[in-house]
Amino acid sequence: MIHKYNRLERKLILELYRSDNGLDLYTLFRRSRVGFSTFFNTANGLESRGVITSDAKKKYSLTVKFREMVATKAVNFSYDKDQSFRQVPCRFTTPKLSINEMYVPSVKRLDSAIIKP
């Protein structure tokens, strides 16, 4: 089953992947930079899905199966491909100027403080 992970889940998984022997609860919480209730709910959700495990000392680590999946890049951590906010609308684009072409700005659109008579 393919599951989409949110930003916090990806951050926790990658922090645990980078650690050698897992991380304790407080270290993982501080690296997440979110509130404790949000962190704890996310960590419990990952634990219930079998992504991470914790021992009696509340030391979290990735499961062996999931660590192998991250290593072989079987888990997709990329962000959503639809980033329409990054596309410039057509009405704001103009043809590109060639290298030696002269550019003359519109005087009406310049700031009046720049043009002093």
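A: Glu-9 and Arg-49 form a salt bridge in which the closest N and O atoms are 2.5 Å apart; the term denotes a side-chain nitrogen of Lys or Arg within 4 Å of a carboxyl oxygen of Asp or Glu. The model is predicted, so local features need pLDDT of at least 70 and side-chain atom pairs count only at pLDDT 80 or more, whereas totals for chains, interfaces and linings use all residues. Residues are numbered from 1 along each chain as its sequence is written, and side-chain values use heavy atoms, with hydrogens and water left out.

Helices (H or I, at least four residues) and strands (E, at least two) are DSSP runs, numbered from the N terminus. Glu-9 counts as buried because its relative accessibility is 8%, while Arg-49, at 35%, counts as partly exposed. Here buried means under 20% relative accessible area, exposed over 50%, and partly exposed in between (1.4 Å probe, protein chains only).

In general, side chains of opposite charge can pair when their charged atoms come close. Glu-15 takes part in a salt bridge with Arg-18, at 3.9 Å from N to O. Arg-18 and Glu-15 are 3 residues apart in helix H1, which means that about one helical turn separates them. Glu-15 is buried at 15% relative accessibility, but Arg-18 is exposed, with a relative accessible area of 60%.

Glu-15 also forms a salt bridge with Arg-31, the closest N and O atoms being 3.2 Å apart. Because Arg-31 belongs to helix H2 and Glu-15 to helix H1, this pair ties together parts that are 16 residues apart in sequence. Arg-31 is partly exposed, at a relative accessible area of 37%. Through shared partners, Glu-15, Arg-18 and Arg-31 are joined by salt bridges into one network.

The setting of these pairs may now be described. The protein chain contains 4 helices and 3 strands, which follow the pattern α-β-α-α-β-β-α along the sequence. Of its 117 residues, 23% count as buried. Its accessible surface comes to about 9,900 Å², with 55% belonging to carbon and sulfur atoms; such areas come from the Shrake-Rupley method with a 1.4 Å probe, and for residues only the protein chains shown count as cover. Among contacts with a separation of 6 or more, 54% are between residues 24 or more positions apart, a contact being heavy atoms within 4.5 Å.

The largest nonpolar core has 18 residues, and Ile-13, Val-51, Ile-52 and Phe-66 have the most contacts inside it. Helix H1 (7-18), helix H2 (25-32), helix H3 (36-48), strand S3 (59-62) and H4 each give two or more residues to this core, and H1 provides the largest share, 4 residues. A nonpolar core is a set of buried Ala, Val, Leu, Ile, Met, Phe, Trp, Tyr and Cys residues joined through side-chain atoms within 4.5 Å. Setting aside neighbours within four places in sequence, Phe-66 is in contact with Tyr-5, Ile-13, Val-51 and Val-75.

Aromatic pairs complete the picture, and a search of the whole structure finds 6 of them. Rings of Phe, Tyr and Trp (its six-membered ring) pair if their centres lie within 6.5 Å; planes under 30 degrees apart count as stacked, over 60 as edge-to-face and the rest as tilted. Tyr-5 and Phe-66 have ring centres 6.1 Å apart and planes at 75°, so the pair is edge-to-face. These partners, 61 residues apart, link distant parts of the chain, with Tyr-5 in the segment before H1 and Phe-66 in helix H4. Tyr-5 and Phe-66 are both buried.

Phe-29 and Phe-39 form a tilted pair, 5.7 Å centre to centre with 55° between the planes. Phe-29 lies in helix H2 and Phe-39 in helix H3, 10 residues apart. Phe-29 counts as buried at 16% relative accessibility, and Phe-39 is buried with a relative accessible area of 0%. Ring pairs link Tyr-26, Phe-29, Phe-36, Phe-39 and Phe-40 into a cluster.
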